[in-house]
Amino acid sequence: GMVCMNKLFNQQYFKYLYKSNRRLLILIWAILFICICFFTTIFTINDFTAYSEVQTFVTAMSGFCGISISMFVPIYFFRFLYRKRSCDLYFGLPIRKKELFSTTFLFGYLAILIPIAVYFLSTSIIASQFMNVLSSTILMNIKVMGFFAIFMLCIQAIICFLCIRCNTMMDALFISGTYVILPFILYISMNIFLKEQVNVITLGYGNYIEYIFNTDTILTFLSLPYAALRNVAYLFDYSPDWLSIFYWIILCAIALYFAYHYFINRKAEDSEQRTTFWLGYSFIILIVTFCMILAVQTARGVSLLVGLTIIFFMYLFLVFFSKRKIVLNIKTITVFVGLLIGSAAFGQAFQYTHGFGVVQELPQLEKVSSVNIEVVMSQEINHNKTTINGLSLVGKTKNETLNKSIYELHNDVLDVCTDKHEGGSTQITFLYTYRNGRYMSRTYSIGDAVTKGIILPKFDEYHEEAKQGKINASVDYTYTVSNDVINY
């Protein structure tokens, strides 16, 4: 084991890094002392503080500092790669390239890990001693620190891979920074796209996006900083999300392997050249442009034109920036047109297949355990008349075995409500509880514009298939009556 370590770790070089970066290390320790120890004391400690508040604050502060500084550490310690002269100098040292790589990476990792660990553990342990908290919290804090250590390693590994593939400092900062915000651009634009598309596909509005996509899960697998902070925040109340942790550890291992591989094969003359690897600018430009086009896609007329024009100029700017010169060729234009056509085709496919089969106006009855119907009318209504096909709406809760398809249930409710509707507005909300415990809601507004004549035929056209499926399922009806709200 030791022999292997000696091949990968160069003690002399580690000492050299320590000596030449002493000022930086003092600065890091000073900044972290202020952020973690000092701020925690100032902002949380008073006569009424609960230990959990101190715990939350010191964890959030340590996590935030550790993760944000970790993003810059690899770029800083591998910055010699961006100047031909320093590259010649470092590659000429009497030290193997693989030792140079692993010692530099390890030094950067420890430079930030040690102060975070010292300050986080000392602050939380001292606080717990003063507040007479159980000793189990000390174990908890050590566990939290373990997670910080894993996530900081993952972030540094991924940034390390990116910065070793870059040939200038500017590219390293720009590409790494973009990879940090890319998941959020992706997430926000997909959200806008889905909301708009679902509104085109369906009549009512509801919680489709939340129902289909668990936001937390998506971002946990796309964004490493988000995954880190979320997992640590969850540690105190729930068990950690092991799947995402293993996923990031695997990505970290892959990133480190490739970082090592490219570092070993790197030549001094690569420095100060244009950065050309495909995961750099090319990938970023494609993803960002595609996302933006998706987000404006459902706009119409002038706003669509303005949106696409802005996106086109942003796309050109990114292309010129990546090439460091202004040159317009056929390929650049073709790629943009390709992205336009691709996103339009995706949008059309999404609408045509009803969100690839996920977006349905009505759920399948066999998946539903109960339905709650709420009607809000803006004017007084005569309760005596309100019956839905013989199901009286006035009275106590009862269970009915409903030998109807959900399609017919919708139809009946809308029928009654449109009959009763005399101006003003009526809102009908169907809340379905699924057998798997999830909820789905649809809300329809019957205003002056949308009358029975519009909504009901549209239902027919949507759900021929639902009419056929007369499935026998027990649906719990709960209804209470008050002047403005009727729950069926």
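In which hand does α14 pass α15?

1. The crossing of α14 over α15 is right-handed. Please keep in mind throughout that this is a predicted model. Helix α14 covers residues 301-323 and helix α15 covers residues 330-352. They pack at an angle of about 140°, and 11 Å separates their axes. The cut-off matters here, since roughly antiparallel is kept for angles over 145 degrees; α14 and α15 are therefore oblique to each other.

2. Let me stay with that pair for its residues. On the α14 side the contact is made by L308, I311, F312, Y315, L316, V319 and K323, and on the α15 side by T332, I333, V335, F336 and L340. Sorted by class, the contact of α14 with α15 has 10 nonpolar residues, one polar and one charged.

3. R324 lies in the loop between α14 and α15. R324 is not a glycine, yet its phi is positive, at about 60°. With a relative accessible area of 41%, R324 is partly exposed.

4. Helix α15 has another partner in α8. Helix α8 spans residues 169-201. The angle between α8 and α15 is about 45°, and their axes are 10 Å apart, so α8 and α15 are oblique to each other. The crossing of α8 and α15 is right-handed.

5. Which residues of α8 and α15 meet? From α8 come M190, F193, L194, Q197, V200 and I201, and from α15 come F346, G347, F350 and Q351. By class, the contact of α8 with α15 has seven nonpolar and three polar residues, and no charged ones.

6. Two further residues of α8 deserve a mention. V198 has its place in helix α8, and it is buried, at 5% relative accessibility. The C-alpha atoms of V198 and G355 are separated by 7.7 Å, although these residues are 157 apart along the chain. S176 is in helix α8 too. Is S176 buried or exposed? S176 counts as buried because its relative accessibility is 4%. Neighbours within four places in sequence aside, S176 is in contact with I75, I159, L162 and D171.

7. A separate helix pair is formed by α7, residues 136-165, and α12, residues 242-264. They pack at an angle of about 35°, with 8 Å between their axes. Here α7 passes α12 in a left-handed crossing. The α7 side of the contact consists of F147, I150, F151, L153, C154, A157, I158, C160, F161, I164 and R165. These meet W242, I245, W248, I249, C252, A255, L256, F258, A259, Y262 and F263 of α12. By class, the contact of α7 with α12 has 21 nonpolar residues, no polar ones and one charged.

8. Helix α4, residues 51-77, contains S52. S52 is partly exposed, with a relative accessible area of 45%.

9. Now for the chain as a whole. Its secondary structure comes to 18 helices and nine strands. Of the 488 residues in the chain, 44% are buried. How much of the contact count comes from residues 24 or more positions apart? Such pairs account for 80% of the contacts in the chain with a separation of 6 or more.

10. Finally, a word on confidence. The chain has a mean pLDDT of 76, and 72% of its residues reach 70 or more. Over residues 379-404 pLDDT stays under 50, and the model has 57 contacts beyond four places in sequence for that stretch. Over residues 448-488 pLDDT also stays under 50. For residues 448-488 the model has 119 contacts beyond four places in sequence.

Key: Residues numbered from 1 in each chain as written. Predicted model: local features only at pLDDT ≥ 70, side-chain atom pairs only at ≥ 80, totals over all residues. Heavy atoms only, no water. Axes fitted to C-alpha atoms, helices over the stretch in contact; angles between N-to-C directions. Helix = DSSP H or I, 4+ residues; strand = E, 2+ residues; numbered from the N terminus. Parallel < 35°, antiparallel > 145°, perpendicular 65-115°, else oblique. Left-handed = near helix turned anticlockwise from the far one by under 90°. Contact = heavy atoms within 4.5 Å. Nonpolar A, V, L, I, M, F, W, Y, C, P; charged D, E, K, R; others polar. pLDDT = per-residue confidence, 0-100. Buried < 20%, exposed > 50% of the residue type's maximum accessible area, 1.4 Å probe, protein only.
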